[in-house]
Protein chains: 2
Amino acid sequence: MDFKVKVVNFEHPKRIAILNKNDAINIGVGTEQRITVGHNSINITAFAYLSDIVGNGEIWINQRLSNDSGIEIGENVSVFSAPQPQSIEYIKKKMYGNKLTKEEIDAIVNDIVMENLNDIELSGYVSSIQTIGLDNEEITNMVNAMVNTGETIKFDHDVYDVHSIGGIPGNKYALLTVPIVASSGLKIPKTSSRAISSPAGTADVMEVLARVDLKANEIKRIVEEVGGTLTWGGAMNLAPADDKIIRIEHPLGIDPFPQVIASVLAKKKATGINYLLIDIPMGSETKVQDEEMARDLAGRFIEIGNRLKIHVECAITYGGQPLGRAVGPALEAMEAMKALEGTPTSNSMIVKAIELASMIIEMGGVAEFNRGKDLARHILTSGKAREKFLEIINAQGSKGIEKSDEIPLGEYQHDLTSTMDGYISYISNRSIVLLARSLGAPQDKGAGIWVYKKIGDKVERNETVLKLYAEKKDKLENTVRLSRKLRIFDVEGMVLESIGKKTKKVIRDES
Amino acid sequence: MDFKVKVVNFEHPKRIAILNKNDAINIGVGTEQRITVGHNSINITAFAYLSDIVGNGEIWINQRLSNDSGIEIGENVSVFSAPQPQSIEYIKKKMYGNKLTKEEIDAIVNDIVMENLNDIELSGYVSSIQTIGLDNEEITNMVNAMVNTGETIKFDHDVYDVHSIGGIPGNKYALLTVPIVASSGLKIPKTSSRAISSPAGTADVMEVLARVDLKANEIKRIVEEVGGTLTWGGAMNLAPADDKIIRIEHPLGIDPFPQVIASVLAKKKATGINYLLIDIPMGSETKVQDEEMARDLAGRFIEIGNRLKIHVECAITYGGQPLGRAVGPALEAMEAMKALEGTPTSNSMIVKAIELASMIIEMGGVAEFNRGKDLARHILTSGKAREKFLEIINAQGSKGIEKSDEIPLGEYQHDLTSTMDGYISYISNRSIVLLARSLGAPQDKGAGIWVYKKIGDKVERNETVLKLYAEKKDKLENTVRLSRKLRIFDVEGMVLESIGKKTKKVIRDES
């Protein structure tokens with residue numbers, strides 16, 4: 001049956017078409033059922049809704065369907081009930097605990113990218129990856145399928161990268177590591193994500209200082225010119241299945257390891273990376289709770305990397321509290337710049353950035369085994385890393401900020417203080433994340449938290465432990481209210497042997 | 001923020017509200033996000049869509065949201081971003097392989113019934129029930145939660161029921177079993193479902209002859225008057241979580257056993273049943289493939305029945321081919337009536353109906369152990385069962401059909417014949433289901449299949465094996481085309497020792 005098109009601005013994660021109910025009955029299509037919309041030689045899958053706001057013989061399509069198909073207002077289209085995609089059988093096969101073949105994985109990824117699956121089916125896939133899992137061969141096939149359905153970048157020399165699997169707030173080390181590595185002479189086109197559930201992804205932090213939405217050709221050019229980039233992977237169409245899977249993982253709050261591995265390696269393979277360092281933060285409130293889990297994950301990354309011809313090394317890092325002292329885009333950018341400028345700042349961030357840089361430098365053979373650290377530290381302290389960082393910023397498109405003290409922070413501020421004398425014995429990553437997001441991060445760049453006292457630090461009664469920053473007054477007020485309901489940090493008394501008082505061993509880390 | 005309501009006929013499985021994009025941004029609500037719509041003392045959850053077809057300050061709600069909330073056109077409502085339901089955490093807990101507490105299961109079922117969960121979350125639940133499972137205690141809690149969130153019927157005497165877990169086409173035994181049991185003096189208010197993926201549920205078959213959409217008070221009255229009913233459970237609000245779960249299982253094509261058990265027992269407990277016979281058809285193309293699976297399932301039904309104070313017995317029945325010869329509402333009603341009238345017809349249907357009736361009769365103490373079969377057969381052959389069946393039909397509201405030959409069948413017919421002399425060695429349940437649905441069953445009551453030859457029957461070249469019936473010519477034509485692509489039945493040659501010819505042992509059953 002033929003319909004006259006009207007394009008409506010109806011926001012929906014899928015391509016949708018709204019039909020009059022009588023028309024829909026005539027062509028045998030029900031609510032949310034899959035249809036094939038045909039126009040000239042194009043046939044595209046969409047999902048149907050039925051409403052009497054649409055006239056007989058009319059079809060309202062959303063912008064997304066119009067963009068993906070090129071079908072425009074006033075045109076005539078044919079509409080049919082679409083057959084069920086084959087990949088649903090394969091999702092079911094996985095649910096029943098079976099291993100999937102390369103062809104089956106290709107079909108699933110293709111249907112995900114083509115948006116042929118509804119949310120029920122997509123969630124069935126993601127849930128079964130969580131509960132049943134994928135073995136290393138399946139993950140390898142998944143990576144290849146994800147790479148093959150998107151854009152790729154090719155370099156004619158070795159390229160290096162570092163990627164953190166996340167879960168620790170304030171993880172801005174890359175703003176130091178990338179310029180150190182680039183200064184050493186290696187090529188490091190780092191792409192990263194924006195925050196999904198965290199207060200700031202590396203791309204959100206970098207965006208305070210420079211454009212991050214660079215395309216493949218710009219990245220290639222800048223890498224040749226200055227040796228490194230710090231951009232947002234989402235500006236390209238690298239492994240597009242990934243974002244569509246993340247949309248489903250998010251409401252469920254799950255992040256299945258097989259999908260984490262596939263997602264990271266697919267993005268990296270699509271970017272042409274052949275030497276990759278994976279940072280695995282470990283701690284009770286991160287994605288990886290103990291060393292066994294961390295070693296297992298590292299082993300899988302390395303093995304699958306091998307199959308994909310990517311040399312992978314892994315660093316298991318401390319994730320028991322925020323990295324450094326800044327959480328939130330502007331604060332993190334400021335903290336990183338301070339370190340590059342040589343201003344005394346958070347030791348934990350500098351140590352991690354140098355350690356990771358040295359591993360890459362040694363991977364690339366620029367320094368011998370165990371010598372990378374000296375070289376990396378020298379590049380940082382000599383000011384060369386800062387110089388390189390400014391080159392990168394300028395090449396990407398600077399926002400005009402050249403120094404750490406020029407970065408604007410949220411003007412509404414509030415201090416969370418200690419109610420007693422003692423030592424900080426615990427800081428909750430989870431609460432820090434909740435507070436920072438409630439303050440407006442990552443959308444409000446100036447929103448975030450400065451952690452004045454870290455685990456092991458001495459604190460006095462009424463002394464500031466955390467400072468909250470917000471760009472909007474109501475967000476600060478809401479967050480202050482929220483802070484009263486959360487366990488954010490613990491202070492333990494100094495008198496360790498006082499009777500009847502709960503005490504804990506005080507743990508120090510390099511903060 | 002306050003909005004002026006317009007009610008639109010927008011078909012959607014959820015309660016939805018469409019807002020102007022700018023308004024949505026102002027209240028911090030995104031596409032498909034959960035919102036709370038408030039009006040006077042009512043606060044109800046719905047899902048938001050964003051569109052510029054809706055004016056600023058306006059909210060378009062679908063009929064469903066209007067019905068559930070009582071909110072009407074022209075009224076003012078407040079809209080807030082709704083918090084995430086707690087039950088999502090419990091779904092995630094199940095995904096991670098943990099056992100759920102009673103309170104957690106209550107929360108999940110409540111959010112399912114209240115429609116607080118989106119499809120991603122619901123599918124996460126259903127998928128994890130498939131992959132991780134529920135133990136008997138969890139299923140018991142699930143049943144109680146499902147019963148407590150819906151309507152219930154209470155009888156002041158024992159009531160009996162029989163339920164088939166399905167998977168075999170033509171399974172119309174209940175039209176014989178129920179009147180036999182009712183004639184024996186036991187009370188049997190059988191409720192059943194309409195077809196979900198089969199060509200005819202018992203309710204679809206019964207609807208050829210009588211009204212089936214009876215309410216609780218009508219069922220109670222008729223059971224007292226005539227001893228039995230054959231109605232559609234969906235006309236009442238019994239265990240409403242069930243239908244909402246089925247909506248999710250359907251696209252995935254899964255039917256997890258824990259959910260099957262919970263669903264059956266919840267509907268039966270809500271109907272007040274305390275003696276229940278479960279029919280478990282077993283065969284390579286049914287839900288239960290082998291005896292181990294069947295015995296395991298039976299054991300769980302009995303154990304959970306015990307916990308719920310329902311005496312459960314199970315019959316594992318032959319499911320290797322359709323039951324009897326008729327598939328599709330009108331044909332099945334005709335076949336059942338023929339047996340009640342004493343006209344020679346399918347033996348397999350009569351044997352099954354009598355066996356199941358005898359088990360219930362013995363459960364109720366009307367006949368001693370091993371004597372129920374004689375009584376059941378006598379009730380059937382004496383014409384008492386037919387009399388009782390007509391009483392039930394009249395009590396429910398007859399459609400005016402009193403004899404099997406008055407039932408209208410689809411006027412478009414086509415014969416599928418054998419291409420060789422031999423014996424039928426295989427009939428595909430799955431293909432029979434596909435063909436019957438393609439012919440129009442269960443919506444078109446007269447559509448269906450008559451199985452002339454069953455496994456073990458002798459067949460000659462060009463002799464009819466199946467007759468297809470349709471109410472619509474194009475459906476018959478499409479189905480004939482479809483039949484050429486399917487493996488529907490196998491005919492094996494008669495010469496068992498011919499060299500170089502593939503032969504198979506011919507299996508006979510009482511067809």
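This is a predicted model: local features need pLDDT of at least 70, side-chain atom pairs count only at pLDDT 80 or more; totals for chains, interfaces and linings use all residues.
Trainee: Which residues of α9(A) are called buried?
Mentor: Helix α9 of chain A spans residues 216-226. Its buried residues are Ala216(A), Glu218(A), Ile219(A), Ile222(A), Val223(A) and Val226(A). The label requires a relative accessible area under 20%.

Trainee: What makes these buried residues one face of the helix?
Mentor: Look down the axis of α9(A). The buried residues fall within an arc of 155 degrees, so they line one face.

Trainee: What does the face turned away from the buried side carry?
Mentor: That face of α9(A) carries Asn217(A) and Glu225(A), both exposed. Exposed means over 50% relative accessible area.

Trainee: Why is Ser418(A) called buried?
Mentor: The relative accessible area of Ser418(A) is 1%. The cut-off is under 20%. Therefore Ser418(A) counts as buried.

Trainee: Where is Ser418(A), and which residues does Ser418(A) touch?
Mentor: Ser418(A) is in the loop between β14 (412-417) and β15 (422-427) of chain A. Leaving out residues up to four places away in sequence, Ser418(A) touches Val459(A), Glu460(A), Arg461(A), Asn462(A), Glu463(A), Val465(A) and Val491(A).

Trainee: Asp421(A) is in the loop between β14 and β15 of chain A. Is Asp421(A) buried, partly exposed or exposed, and what makes it so?
Mentor: The relative accessibility of Asp421(A) is 38%. Partly exposed lies between buried, under 20%, and exposed, over 50%. So Asp421(A) is partly exposed.

Trainee: How far apart are Asp421(A) and Val491(A), in sequence and in space?
Mentor: They are 70 residues apart in sequence. From C-alpha to C-alpha they are 7.7 Å apart.

Trainee: What is the strand order in the open sheet of chain B?
Mentor: The order is β13-β16-β18-β14, with antiparallel pairing.

Trainee: Why are β13 and β14 of chain B at the edges?
Mentor: β13 (326-327) and β14 (412-417) each have a single partner strand, so one side of each is left without a neighbour in the sheet.

Trainee: How do you know that β16(B) and β18(B) pair?
Mentor: Pairing needs at least two bridges. Strand β16 (residues 448-451) and strand β18 (residues 464-470) of chain B are joined by 4 bridges, and they run antiparallel. So they pair. Gly448(B) stands opposite Tyr469(B) in β18(B). Helix α18 (residues 473-483) of chain B packs on the sheet, where it touches β14 and β18 of chain B.

Trainee: What makes β13(A) and β16(A) a pair?
Mentor: The test again is at least two bridges. β13(A) and β16(A) have 2, in the antiparallel sense. Therefore they pair. Val327(A) has Ile449(A) as its bridge partner in β16(A).

Trainee: Which helix lies across β13, β14, β16 and β18 of chain A?
Mentor: Helix α17 (residues 429-439) of chain A does, running at about 135 degrees to β16(A).

Trainee: How do you know that the copies meet through the same surface?
Mentor: Of the interface residues of chain B, 100% are also interface residues in chain A, so the surface is the same.

Methods:
Residues are numbered from 1 along each chain as its sequence is written. Chains are lettered from A and ligands numbered from 1 in the order in which they are written. Side-chain values use heavy atoms; hydrogens and water are left out. Contact means heavy atoms within 4.5 Å. Buried means under 20% relative accessible area, exposed over 50%, partly exposed in between (1.4 Å probe, protein chains only). The arc is that of the directions from the helix axis to the C-beta atoms. Axes are lines fitted to C-alpha atoms, for helices over the stretch in contact, and angles run from 0 to 180 degrees between N-to-C directions.
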